[in-house]
Amino acid sequence: MDVLPLMVALPMAGGFLLPLVPKKRSLVTDVVAVALALALAVIALSLIGSPDRAYHMGGWTAPIGINLVLDGTSKLMLAVIAVVTFSVVLYCPTYMTRFTGKRKFYSLFLMMIAGMNGVVLTGDLFNLFVFLEIASIASYALVAFGCERDELEASFRYLVLGSVASYFLLFGIALLYAKLGTVNMAHLSQKIAEVGGLAGGDVVAAGKASPLLVFATVLFICGLGLKAALVPFHAWLPDAHPSAPTPISAMLSGLLIKAIGVYALARVLFSVIGVHEGGAVSTVLMGLGAVSMILGVLLAVAQWDYKRLLAYHSISQIGYVVLGIGLATPLGVAAGLFHLLNHAVFKSLLFLNAGAVEYRTGTRELGEMGGLNKKMPVTGATSFLASMSIAGIPPFNGFFSKLLIIVACFQAGRWGYALIAVVVSVLTLASFLKVQKYAFFGPLKEKWQNIREVPVLMAASMVLLAVLCLATSVLAFKLFDKDGLEQGLRNDRFLGAAQRSLTDREGYVTRALSPAVEFKPTSTDGTDDGT
Amino acid sequence: MKNLAAEEREGMSVIVGTVTHWVCAFIILYGLYIVAYGHLTPGGGFAGGVILACGFMILMLAFGKRRLVSMLPISRAAMLDCVGAFLFWLLAFGGMLFVGNVFFKNFLPHGGRLRLWSAGIIPLCNVAIALKVTASLVLALVALSVLRVKAGGSDEEFITDIDEE
Amino acid sequence: MVYLLCLVLFAIGLYGVLTQRNLIKIIISLAVAESAINIFLVLLGYRVNGTAPIEEGTLEQHAAFVNASVDPLPQAMVLTAIVIGVGVLALSMVIAMRLYHRYGTYDITKIRKLRG
Amino acid sequence: MLMNLIVVLLMFVAIGAIIAIWTRDLLSALIAMGVVGFTRTVVFVLLRAPDVAITQVVVEVLLLVILIRSAVRREVHTVEGGRKSAGAALAAALVVVMLVLGVIAVRELRPFGEPLEQRAWDAPALTYIDKGTEQTGAGNIVTAVLLDYRGYDTLGEATVLFTAVVGAIALLRRKSRRSGVEAPDEG
């Protein structure tokens, strides 16, 4: 049995059934949620080794039916989503005891995962819209889950801007359908290639590009940029992310803005519209990325609310990812995806740390904390690791991805962007030194004499992510081949494969439209890059 | 709570009551027809489900929220919502179980051309969707109309049926 | 011309979302923007002198049906979009009601001030 | 002929939308929205989309009742107008840019009402029309697309509604936080 549809079907079924669990059986809810997350993690990690393929829903070969496409990029995304989700789910049973409505919480949580997995796997643009809406609607409700004033206000603004984003996306899809008569991404990609597409900035300059395609691209960038909280479109994020219950903040900042924002944007632009190095789309993406990096970090430095500070850093770090992907060179894209993975790990960890501190002290104000290392050693240590990762200190994963992005900028001759990346990294370090100084180091305040470390499950989830902060650095080592980074990238089966499937447009079309292959579980041919 | 009771009395009169019963019966019959013939004529699970929910809505407008909740308690509606959605999921998953590995495969025989019993799982899907949509919308209806609380009121004014724990 | 009207409708909705202060009005504006896209999609499917995409006749009439039927795919997509719109609307209404309950106003600028 | 009728109706829809968004009275706004909805239904009927029309009309009825019952209250009759600040100017500029781009883009489309096969010979929709009844057994091709060819979309759609309703109910909990576990020094 091909397990591909299970990535969506399992969490969906969980979401449908969890509200039916009797109220008294709170433990059953926790166990089911953790078990589902574990199952998804196992499937996602096992998929990394399985061959790239298309799966046609209902037996209707795309573009007649809807197809799921498994390639390097979606494997990477699925793995990131599943692993981070599993760590965050471990955190929930204890943390969520302070909220009521646990069954509904888990139901919405699982729907969000189903939505993200659906977005990552789908090969159909309209289907992408539908699953993006599932993930978004679940997140609107989860942001307001506490039902307090600020949370409701943040959620409403998030809902309004998120819906506008969705409608931009839908309008773009409608325009493409109007022109080309199909909504399948691979089929659209084929047809756009036939009519010439946006092929590079030179064609736009020469006035040859189809204005309809340009408008659709603008709509996609605005809509999905809103979901990814890139800078002109970031207004909702600093309110929405800190307002949610902590595990949800971690999921939103760590995964949601990447799965339904950056990944969807990259997929649509690279696989459907077509991005060329130095072209107009690439320039716009790099510009958006750089502006997000600078503004995000500048706004973050001034923050004293722990979770709000982290939320602003999310904008800044997403900027790195988009800058890397926007370079559209093999190294840039790989570095961007690598940073996406790393950011998912350390940003969820940072939010969980903030939640742990809040759980014990009841405050999010950095100024009120101090010396917490003495009372909460696990939280303090994991938070230190994560802070060093996000600030780009070796040997943590953040260092390697930022280094690769900077190297990619140099190789592409974009000195200015490389300089920005370095400066932003220094500012990030300053900001997180502040967090460490005020929250975890220094003298312990009188009123925190009686606090203790968080319960074991919460601590376990943080330790797991902290280990991943170090472990994912290993992914970078494979790239440092003795024949240079390009060669390393070409041989790499994880990051390299992810990069190749994103930039290779023809390969994507061939893979997505190929009829269903008979699935052989014994096959070990995991490096098919479709070229 | 007081104004809800008053509202109930205002809405109630013999004529309104009798007419509503008849109209409601017709609406529900029409909704069922739309669902059952969804694969042959315009309509389908979603439209039919909304029509059925409209039937419940008319009951609520005529007799008040209490009557509706007594007919279809919120917990029951929430359960039907989950069950309907899960049935639809099961029909989709049936393809993986019965015809080997194809999610959403229409695994039942297609039957005669343009007959009521035809088109494999499509009519069954319609029924599941109708169940789900009716329950969902009745829930939304009840939930939003109990929200006629005064601003700044305490949380206690919210309905208790929805509560967990 | 018909397509342009859809664009205008979308722009009206978008402008309303961005400038209105009342929560309910913002929700109405969202619904307007969504309906513009729905109409646009259905317009795309139309063909001159078309018939509804419902096959009723015998097998012999099939060829005539194929040559006259309007495009069913946008209609299916619009149905999906309508349902999604209903979901978003219901959720946003609940949040707006909860906000009213907390702040006693529908005015988003006043809500921001009260937040302090 | 039909096109002219549709243009008139769409203008009516646009005017209704403007009234719905900018009138100060909340009840009038909602009623205007209802009128817009019903006009849209007529447009759908004219465009030979009976499925969409039926769904649209019943959804409109239900939503209107829900909105009027929940949103209109005695304390609030009229509402404030739009913002009068730089924000409004910025929004207007953004919308105008959008509109200009859109107008240029839409001019590229083929004329309204042109048969699909002349726009895209390999559109999947052509297969649906030709083979739909034969392959799925459903006479209503829209249903065939919704529940067979693109059934996965419909599962997603049902999930969206489910998620929204679960979310809505979750936000109506009487108590959202437990008391008693707030104290920082409690295990």
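pLDDT is the predictor's confidence in each residue, from 0 to 100. This is a predicted model, in which local features need pLDDT of at least 70, side-chain atom pairs count only at pLDDT 80 or more, and totals for chains, interfaces and linings use all residues. Residues are numbered from 1 along each chain as its sequence is written, while chains are lettered from A and ligands numbered from 1 in the order in which they are written.

Let's start with confidence. The model as a whole scores ipTM 0.91 and pTM 0.92. Chain C has a mean pLDDT of 85, with 97% of its residues at 70 or more.

| Element of chain C | Residues | Mean pLDDT |
|---|---|---|
| helix α5 | residues 108-115 | 74 (lowest) |
| helix α2 | residues 23-45 | 90 (highest) |

Now for chain A. Chain A has 23 helices and two strands. Its radius of gyration, taken over C-alpha atoms, is 22 Å. The C-alpha trace of chain A spans about 70 × 55 × 45 Å along its principal axes.

Finally, the contact between chains D and A. Here 40 residues of chain D are in contact with 51 residues of chain A, contact being C-beta atoms, placed from the backbone, within 7 Å. On chain D, the elements giving two or more residues to this side are α4 (86-106), α5 (116-119), α6 (124-136), α7 (141-149) and α8 (151-170). The largest share, 14 residues, comes from α8(D).

Conventions
Two residues are in contact if their C-beta atoms, placed from the backbone, lie within 7 Å. Helices (H or I, at least four residues) and strands (E, at least two) are DSSP runs, numbered from the N terminus. The radius of gyration is taken over C-alpha atoms; the globule rule is 2.2 Å times the number of residues to the power 0.38.
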